[in-house]
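This briefing is for a reader new to the structure shown below.

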Amino acid sequence: MLELKDVKKSYLKGSKALDGVNLSIGPGEIVGLFGENGAGKTTLMKCILGLLRYQGEITLDGDPITPKNIARLSFATCEHSYFPALTAGAHRDFYQEHFPNFRTKRFSALMDFFQLPRNKAIRSFSTGQKNQFEVILALSQGADYILMDEPFAGNDIFNREDFYKVLLGILEPEETILLSTHLLEEVQHFIGRAVLIHQGKVAGDITTLELEEQGRGLMDFVKETYQYKADRVSRALGELTDRE
Amino acid sequence: MKRWLSVLTPAARLSVWKVLLLSALAAGVQVLLFLTIPLDTQYDTHRVTFSLEEVVHQGNLSLAFSVGFVLVCAVLVLPGMERGAKTGYTLRRLAADERVVVLLWGGVNALLLFIFWGIQAAAALALSRYYLQIMPTEYINQQTLLMAFSRSPYLHALLPTWDWGVTIRNLLGCAVLGLSAAALPFHWRHGRKAWSTFPLVILAAFTFPIGMDGSDGYGVQLIILSMTGVLTVFGVWRWHEDEE
């Protein structure tokens, strides 16, 4: 169980990125993390991974996250965290050495599925291939909790669809995914739970089963939570047109 | 142990062949410069023969060394820089302490600088041997080589032999610059701007030629290098967390 208790994060400039986040994510869950730009999604993930200092408590099965248990978390980010000059094969060797539970078979299968070259430096990959490789590393690390921050930015729709299907097919019951993305409609059938972040706080937390029972879609839930005003565009356009 | 060594793989794969190439290039330029200098000249009715140290001085061989040295240091800094990917995210998720990784990279860098120094010294010895072979026997004796490596500040710095002070300065220089080249990208990865490596490299590269009497600020160089070394280690050990 990954637990966050009253997690707060302020940057030196004074802005509050996280303002008392409480969240529990159990084994086997596939959680979508949604929110507007600057809501605090990336900061939340970085705090979980220990990449940023924070106030509050983040524990993994009751223990704080330290170098001893950090291998239980993996991270795929749109910023990319691989070594650009190394080949895929060199990454495999490196990860095998540092992550005892590295899933070599899964790594090979995913490399084959996406037809990524093993002997070319990653920096020579296309943007889509780089994203694929970043996610392959995160999925193959052997982590219990896989954190993904906008991993498919730059990939085409077919590519993303393929990935969702592959992901659902390969995940083992105890593997947990925390996926931050703006592609709500695309992932709504893939996730089991949606967490909405707004201004550094958890603004909504609901399972897709609950949504189904209520007869609501994920987008409806998000719009309600954010009190989205559907007529704001037409009103804005109207005002603009009047002015002109 | 294997795990620690594998941490060095990303940096080693990027820097070793580049350092060897630059070492060979710097040595090659020195050979070219040496060959362009006439070994004797006609002055009125006299034929004046240049000593080995005069040829080395007139050929500006130390300049080729200095430029090569600066380029090697640049090559050593580059692997740790986050170009095209946030490799720091991966480095900070390893069980190996990132600070120890930086110190290990510093050790590899020091070794590579030591190799650069060795190749330049070997080139200087080869050129000296060539000089002894082509010069008429009346202009050379058993002391020629010894005298040249004592009188020429550049040759003396390359092969200080019994001058332990200069040997210590060179070894300390390799160690401190190697460490500094590893620490600079470490600080940058953590969002801190550290610039001290740049003036240190320039200073080290262009004050490398040093006379036997140590009049070229040998003591000052030792003090600067020692203080920089201590401050670099302290900086890495103390400031290992993000500051934002």
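Cys47(A) counts as buried, because its relative accessibility is 0% (buried means under 20% relative accessible area, exposed over 50%, and partly exposed in between, with a 1.4 Å probe and protein chains only). This is a predicted model, in which local features need pLDDT of at least 70 and side-chain atom pairs count only at pLDDT 80 or more, while totals for chains, interfaces and linings use all residues. Residues are numbered from 1 along each chain as its sequence is written, chains are lettered from A and ligands numbered from 1 in the order in which they are written, and side-chain values use heavy atoms, with hydrogens and water left out.

**Cysteines**

- Over all chains, the structure holds 0 disulfides (a disulfide is a pair of cysteine sulfur atoms within 2.5 Å).
- The sulfur of Cys78(A) has its closest cysteine sulfur in Cys47(A), 16 Å away, which is too far for a bond.
- Cys78(A) is partly exposed, at 34% relative accessibility.

**Chain B**

- Chain B has 11 helices and 2 strands (helices, H or I of at least four residues, and strands, E of at least two, are DSSP runs numbered from the N terminus).
- From the N terminus on, its elements run α-α-β-β-α-α-α-α-α-α-α-α-α.
- The C-alpha atoms of chain B fill a box of roughly 75 × 35 × 30 Å along the principal axes.
- Of the 244 residues in chain B, 49% are buried.
- Leu203(B) sits in helix 10 (residues 197–206) of chain B and is partly exposed, with a relative accessible area of 38%.
- Leu203(B) and Val70(B) are 133 residues apart in sequence, and their C-alpha atoms are 9.8 Å apart in space.

**Interface of chain B and chain A**

- In chain B, 23 residues are in contact with 32 residues of chain A (contact means heavy atoms within 4.5 Å).
- The two chains bury about 2,600 Å² between them, 60% of it on carbon and sulfur atoms (buried area is the accessible area, with a 1.4 Å probe, that two parts lose on being put together, summed over both).
- Between chain B and chain A there are 7 residue pairs in polar contact, both residues at pLDDT 80 or more (a polar contact is a pair of N or O atoms within 3.5 Å; within protein, one must be able to donate a hydrogen and the other to accept it, and residues adjacent in sequence count only if both atoms are side-chain atoms).
- Helix 1 (2–7), helix 2 (9–36) and helix 5 (87–91) of chain B each supply at least two residues of the side that touches chain A.
- Ser6(B), in helix 1 of chain B, is buried at 12% relative accessibility.
- The side chain of Ser6(B) makes a polar contact of 2.7 Å with the side chain of His98(A).

**Salt bridges**

- In chain B, Arg189(B) forms a salt bridge with Glu98(B), with the closest N and O atoms 3.0 Å apart.
- Arg189(B) lies in helix 9 (residues 164–189) and Glu98(B) in helix 6 (residues 98–134) of chain B, so the pair ties together parts 91 residues apart in sequence.
- Both Arg189(B) and Glu98(B) are buried.
- In chain A, a network of salt bridges links Arg103(A), Arg106(A), Glu172(A) and Glu175(A).

Methods
Salt bridge = Lys/Arg side-chain N within 4 Å of Asp/Glu carboxyl O.
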